[in-house]
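The sequence and structure come first, and the account of selected features follows.

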Amino acid sequence: MKFMTTAEIRSKFLKFFEDKGSKVMPSSSLIPDDPSLLLTSAGMVQFKPYFLQQKKLPKEFIGTATVQKCVRTNDIDIIGTTGRHLTFFEMLGNFSFGQYFKKEMCQWALEFSLDVLGLPFEKLYFSVYKDDDECIEIWKKLGVDDSHIVKLGDEDNFWRAGPTGPCGPCSELYYDQGEEFGCGKKDCAPGCDCDRFLEYWNLVFTQYDGQEDGTLKPLPKKNIDTGLGLERMAAIMQGVSSNYETDIMKSLIAVGEKLFGVKYGADKKSDLSLRIIADHSRAITFMIADGILPGNEGREYVLRRLLRRSVMKAYLLGFEGPFLSKFIDEVIKLMGETYPEVVDNEKLIKRVVLSEEERFGQTLNQGTQFLDDFLKSADKTKKLSGEQAFKLHDTYGFPIDVTKEIIEEQGFKLDEKGFEKCMKEQVERARAANAEDAEAAWELKASVAGEILAENGPTKFVGYDELECSSKIIALIKDGKRVKTLKKGDQGSIVVEKTPFYGEMGGQVGDTGYISNTEKNEAEVVDTVVPEPGLTAHSVKVVGGSFKLGDKVDLEVDALRRARITRNHTATHILHWALREVLGDHVNQAGSHVAPDRLRFDFTHFEALNADQIAEVEKLANDQIMRAFDVETYNTSLKEARSKGVTALFGEKYGEEVRVVNVGNFSEELCGGCHVKNTGEIGFVKIINESSVGANARRIEACTSYDAYNYTSGLIAEMDKAASLLKGNKTQLTQNVSKMLANVKELKKELEFSHSKQSTMIRKEVFDDLEKSSMGFDCLVLDCGDIRNYDFKEYWDAIVDHCGDNCAAVLAGTKGEKVLLLAAGTSKAVKAGFNAVDIIKKISPCINGGGGGQDRMAQAGGTKAEGVAEALKIAKDLLK
């Protein structure tokens, strides 16, 4: 068996199935189109429309083949503890949508294994579903011995999409690694939990439609869905027993060895940390390249957890400070040729990662100290409470699995139920703060949309060039269900064969307008959505007559609203260009919202923009708008667009054919939205706000055309009002405000001087009232009149300066409607018996107040000014 690199295996697989007639497709994004999935974890995810017959391959192809990048999160806690589990991995797959089936698949799987990879026949084993006699016979005819065929049941060898629906038997190919990897049991065979028989290829034969009564109805078109783990196959072809010893993972571990000064294989704990960081660095690189940014929910939280787990593992190795960029460099070097998105987004990936490393590093030492202190105080119980674990998670950002690992290494246990309770309470608090969704009437469920798409094919969109057209109704939906009629007063959705209405996609809001026909039936289109890729649905209120399936209708988009949207959409492209010019190439779109009255543009950047930067972005954008450049669009292949350097938006998913929007040859982006024909139509753009939307992203909000004019006019009107108040004109507004502020500053100084002078003047006069207390210290009781709280200390300092270190005083004063009392004494006075707290407690009721302090100084506040005299009388008596 010849040694093969991971890259060679990847290449040979694709060529093999391409030669058989399959269409080689690029890996889809790690962000799946299916909203029920957190991350792409299998090769078949992108082919769901083909399996459902919603899309069809060109006739010259018999199926597809891919190398799919995948991330699975259910194994995070055991990553590195075994040689098999990875968070990021590559899945080789080939798929058929009714073109070829079981016989061809088994034959080709064996052919690839023996002739291309050169695996020894005698080391191959095959599991089949216990009732799939057809598959058993196919393997036998291909020369597989009975002793190498194992029958397994539903749990292992029967695939189901759900309780009902598409399903079918599987056959898995295993490689016998040898008895030394086994459990030693006599019945050890494929399906055993030990490592002897390594499953490397799963062939799924989707041939049935599972019914509710449990019966299996044959599908009219039978499908093939296979998955061959690239890392597992690399381990076999490279003669190693662990995925971490294969060429790619070995190179990443070597980065860690050099960086952290440890030797792989010398220590189990450091080995585990090296494996975890090597694994996580690949996942981190590819997740960010596909548009995922660290956050606190969903896939964003998965990314943050992987980042922080990596930083923590490096910290446990004695390393502090940023380091992941070294691993990113190696990932790009090893895999960038196959996955150009990691090369294209290198700067962004590194900036995002560095930002997270620095942020987590700031709290890491504090969190670790907090945990150490608690563990020292909990030596007897040897248990970390759920509340303490939650504080580490919520305040210091410690992932719970990291906390668990640290304390278990020190012999402690975690109160996991208590932690889950705290997390649940936090979720409930968040939910209580959210508003309810009020759009259920127009909801079009994905399952219903899928049915419509499968029956009728995709909606034809004519709205780039037309705002009116005639079409036929192919579906009506009300309350999420298909109906035959929508009548006056109903709210629901109308689906037609072709439409000029743009459905909300890519940040651009859906069109509004009207649907009607010659019979005076009319519906107001309040929104347009795309519930499934390729299907457009019009959310409507029927305002007259009724609509039935098959009706011919006229569709009319609100032209003025669409025009405002197109101006804002083209402006986002221009602003994107301007931001990159001013801030740098790391700026990428991270989200947008294009509405008729405003635009919102989120972009990757790591600090707030200053006023000069915002002004420069706005100036550059308006320069290009006012030069009246033509805006052109054309369709091309994704590969061709990439080769020309067209900007692919961060995190966006594209098909093989893409639409390019070229603005004046200075901005060229992949975009399916609606745009102006010439930048001059925009008028001008005005940035109205800049803010943060997370640790790694900023947001600008802007408006264009009439809305920019109205916004600017409003600002000028406000300036006129302000200028009038300052008795000047708006061109001198800054100068006049500066003068006013300077005057205010001078007046403040004069006021402070006046208070200080008043205090000094009073100090010279008050000491005639000094008396000697019965306890032997000098004492003073004084009504200071109108005074601020901090002036009491000036009085007290003056009293001490005059009387020395054996004195006490009780002072009263007013601040607006509030009455203030202060009792203070020197250390000697306190030793002689003076107690400021006791005095304040006894005199504060006179002013309807209360307070406190210490023996040497105490204060009180109240509201009854007429009680001051009584309070000071009591104080005098107490001091005497």
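## A buried glutamate and the salt bridges

Not counting residues up to four places away in sequence, Glu172 touches Tyr125, Phe126, Ser127, Asp156, Asn157, Glu199, Trp201 and Asn202, where contact means heavy atoms within 4.5 Å. This is a predicted model, in which local features need pLDDT of at least 70 and side-chain atom pairs count only at pLDDT 80 or more, while totals for chains, interfaces and linings use all residues. Residues are numbered from 1 along each chain as its sequence is written, and side-chain values use heavy atoms, with hydrogens and water left out.

Glu172 belongs to strand β7, residues 165-176; strands (E, at least two residues) and helices (H or I, at least four) are DSSP runs numbered from the N terminus. Glu172 is buried and has no salt bridge. Buried denotes under 20% relative accessible area, exposed over 50%, and partly exposed in between (1.4 Å probe, protein chains only). A salt bridge places a side-chain nitrogen of Lys or Arg within 4 Å of a carboxyl oxygen of Asp or Glu. The nearest side chain of opposite charge to Glu172 is that of Arg232, 8.1 Å away; Lys and Arg count as positive and Asp and Glu as negative, with His and the chain ends not counted.

Side chains of opposite charge can pair when their charged atoms come close. By the salt-bridge rule, the count comes to 34. Three of these pairs are tabulated.

| Pair | Closest N and O atoms |
|---|---|
| Asp329 and Lys350 | 2.5 Å |
| Lys478 and Asp490 | 3.2 Å |

Asp329 sits in helix α10 (residues 324-335) and Lys350 in helix α12 (residues 346-377), so their pairing ties together parts 21 residues apart in sequence. Asp329 is partly exposed at 33% relative accessibility, and Lys350 is partly exposed at 24%.

Lys478 lies in strand β13 (residues 468-478), whereas Asp490 lies in the loop between β15 (485-487) and β16 (491-496), so this pair ties together parts 12 residues apart in sequence. Lys478 is partly exposed, at 26% relative accessible area, whereas Asp490 is buried, at 9%.

Asp623 and Lys619 share helix α18 (residues 611-626), where they are 4 residues apart, about one turn of the helix.
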